Amino acid sequence: MTDRSATTGPGHPILAFVNTVADDGKTRNRDTFATGGELLAQLRSGGLDIPTVVQPPGQGQLRALRYLREATWSVLSAIATGRTPGREERLVIESAMKGAMADADLALGGTRIGWQPGPLGGLHDTLALCLAGFLASADLDRLRECRRCTHLFLDHGRGTGRRWCSMARCGNRAKAASFRERRRPVA
Ligand SMILES: [Zn+2]
């Protein structure tokens, strides 16, 4: 992962997963990927360490991954905005993390240290373990949701801080919209 992603990206691979929706506003209906292979590539470029044995998910697995993604977003969005996470969504991520942990191997050498997904866990377990690591280690006080869309990121700035997932995706368009708003003649 390059330094660029630390300042302009979401700041953690699990947030890159949550952010695989393309919707402009606060809906979450459009994926950024059409196939399991595309999702795998996006997660790798978001910094997720995916074992090479993991195959691109098929349609059934994609449904399970979307389910995990939406529950994860719901819980993290609540944390970011100071709301209490929903009970159902909390149970979904809790059971995903427990299931992944039950099959995980503890690696203590080589390039990978920590809990590694079991041989049959696939991408779902890799993400569940990544989420467990995030919840245990991340500075959750810095978790933010974009003002314009539903993307989440860790804000490492000072002062008023970062308001947009990225300037290119939301910041510039939000500024253009508020400029048009100010110029609109009073009716
Ligand atoms: Zn945004």
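## Packing of α4 and α6

Helix α4 (residues 59–80) and helix α6 (residues 122–137) approach within 9 Å, their axes crossing at roughly 15 degrees. Axes are lines fitted to C-alpha atoms, for helices over the stretch in contact, and angles run from 0 to 180 degrees between N-to-C directions. The two helices α4 and α6 are therefore roughly parallel to each other; angles under 35 degrees count as roughly parallel, over 145 as roughly antiparallel, 65 to 115 as roughly perpendicular and the rest as oblique. The crossing of α4 past α6 is right-handed. A crossing takes that name if the near helix is turned clockwise from the far one by less than a right angle, and is left-handed if anticlockwise.

On the α4 side the contact comprises Gln61, Ala64, Leu65, Leu68 and Thr72, and on the α6 side Gly122, Leu123, His124, Leu127 and Leu131. Two residues are in contact if their C-beta atoms, placed from the backbone, lie within 7 Å. Sorted by class, the contact of α4 with α6 has 6 nonpolar, 4 polar and no charged residues. In this scheme Ala, Val, Leu, Ile, Met, Phe, Trp, Tyr, Cys and Pro are nonpolar, Asp, Glu, Lys and Arg are charged, and the others, Gly among them, are polar.

## Basis of the model

The model is predicted: local features need pLDDT of at least 70, side-chain atom pairs count only at pLDDT 80 or more, and totals for chains, interfaces and linings use all residues. Residues are numbered from 1 along each chain as its sequence is written.

## Packing around α5

Helix α5 (residues 87–103) packs against α6 at an angle of about 110 degrees, with the axes 8 Å apart. This makes α5 roughly perpendicular to α6. Ile93, Ala96, Met97, Gly99, Ala100 and Asp103 of α5 meet Asp125, Ala128, Leu129, Leu131 and Ala132 of α6. The residues of the α5 contact with α6 divide into 8 nonpolar, 1 polar and 2 charged.

Between α4 and α5 the packing angle is about 120 degrees and the axes are 8 Å apart; α4 and α5 are therefore oblique to each other. Here α4 passes α5 in a left-handed crossing. The contact joins Tyr67, Leu68, Ala71, Thr72, Ser74 and Val75 in α4 to Glu89, Arg90, Val92, Ile93 and Ala96 in α5, and its residues divide into 7 nonpolar, 2 polar and 2 charged.

## Overall architecture

The protein contains 7 helices and 4 strands, running α-α-α-α-α-β-β-α-β-β-α from the N terminus. Helices (H or I, at least four residues) and strands (E, at least two) are DSSP runs, numbered from the N terminus. The radius of gyration is 18 Å, close to the 16 Å that the globule rule gives for 187 residues, so the protein is as compact as a globular protein of that length. The radius is taken over C-alpha atoms, and the rule is 2.2 Å times the number of residues to the power 0.38.

The C-alpha trace spans about 65 × 35 × 35 Å along its principal axes. Among contacts between residues at least 6 apart in sequence, 52% join residues at least 24 apart.

## Buried positions

Buried residues make up 30% of the 187 residues. A residue is buried if 20 or more other C-beta atoms, placed from the backbone, lie within 10 Å of its own, exposed if 12 or fewer, and partly exposed in between. Leucine 39, in helix α3 (residues 36–45), counts as buried with 23 C-beta neighbours inside 10 Å. Not counting residues up to four places away in sequence, leucine 39 touches Thr20, Phe33 and Pro57.
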